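Biologist: I am new to this structure. Can you take me through it step by step?

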Amino acid sequence: MGTYLRLDDREPIKTNIDKFRRFLKRTFSVELFVGLGVVLREMLKKNSNHTMFYPMEKVNIDARYRGVHKLLRLAESGNERCIGCGLCEKICVSNCIAMDTKLGEDGRKKVINYSINLGRCVYCGLCADVCPELAIVHGGDYEFASEQRAYYGFKEDFLTNIKDLKEQKEFEGYGALPNDADFKVKLTPTTYIKKDQEND
Ligand code: SF4
Ligand code: SF4
């Protein structure tokens with residue numbers, strides 16, 4: 001049978017006096033004053049400013065932050081990128097995406113309604129991850145508090161307004177291709193590359 005090693009070699013707490021002693025020790029331990037010292041040092045620093053005057057001042061959000069979704073358009077034609085494949089709806093862990101599609105006169109599938117229950121969404125980013133058209137992405141909008149638990153955003157809320165198409169930049173945020181995407185794609189299908197080279 002193996003032997004047990006006692007890692008905590010402090011005396012066990014048995015009486016109320018022991019408890020009180022431990023309380024005093026923890027309350028007035030050196031670490032507390034170290035922490036207070038750091039706070040005091042930062043407070044006394046010149047130009048020390050750690051408080052943001054929200055909502056007058058806004059937080060600088062990183063491009064890859066997963067905020068409220070956007071549905072993008074193709075920059076050249078202005079067509080909607082979303083092809084109504086339904087992958088985002090299928091993968092959604094919160095089951096909060098709903099969409100309706102129909103066959104358009106041109107024989108292509110059209111998305112006639114697209115909604116997300118933003119009160120239920122957990123902003124996991126899976127919808128943006130699976131979208132084959134880079135249509136649904138996460139924007140940087142983080143002000144989405146609501147009085148109701150069911151708080152819906154609809155297609156017209158997410159989709160780039162056609163008159164703002166020129167301002168729609170190549171998206172850098174969550175759901176966009178990473179900068180080294182080309183490199184990664186080239187790395188993946190090594191066997192095919194070898195085959196191609198043999199044929200050449
Ligand atoms: S971010 Fe996650 S929870 Fe929210 S809609 Fe997308 S897949 Fe669903
Ligand atoms: S995964 Fe992308 S293309 Fe497919 S339905 Fe969702 S947003 Fe549209």
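Biologist: What percentage of the residues in the chain is buried?

Modeller: Keep in mind that this is a predicted model. A residue is buried here if 20 or more other C-beta atoms lie within 10 Å of its own. Of the 200 residues in the chain, the buried share is 12%.

Biologist: How many helices and strands does the chain have, and what is its radius of gyration?

Modeller: The chain holds seven helices and five strands. For 200 residues the globule rule gives 16 Å, and the chain is well over that, so it is more spread out than a compact globule. Its radius of gyration is 28 Å.

Biologist: Which residue in the hairpin of β2 and β3 takes a positive phi?

Modeller: Five residues lie between the two strands of this hairpin. The phi in question is near 85°. The residue is Gly107.

Biologist: Which residue in β5 stands opposite Asn117?

Modeller: β3 also pairs with β5, residues 152-154. This pairing is antiparallel, with three bridges. The residue opposite Asn117 is Tyr152.

Biologist: How many residues of the shell around ligand 2 are charged?

Modeller: The residues around ligand 2 include Cys82, Cys85, Cys88, Cys131 and Glu133. By class, the shell has nine nonpolar and two polar residues. The charged count is one.

Methods. Residues numbered from 1 in each chain as written. Chains lettered and ligands numbered in written order. Predicted model: local features only at pLDDT ≥ 70, side-chain atom pairs only at ≥ 80, totals over all residues. Near = placed C-beta within 6 Å. Nonpolar A, V, L, I, M, F, W, Y, C, P; charged D, E, K, R; others polar. Pairing = 2+ DSSP bridges. Helix = DSSP H or I, 4+ residues; strand = E, 2+ residues; numbered from the N terminus. Rg over C-alpha atoms; globule rule 2.2 N^0.38 Å.
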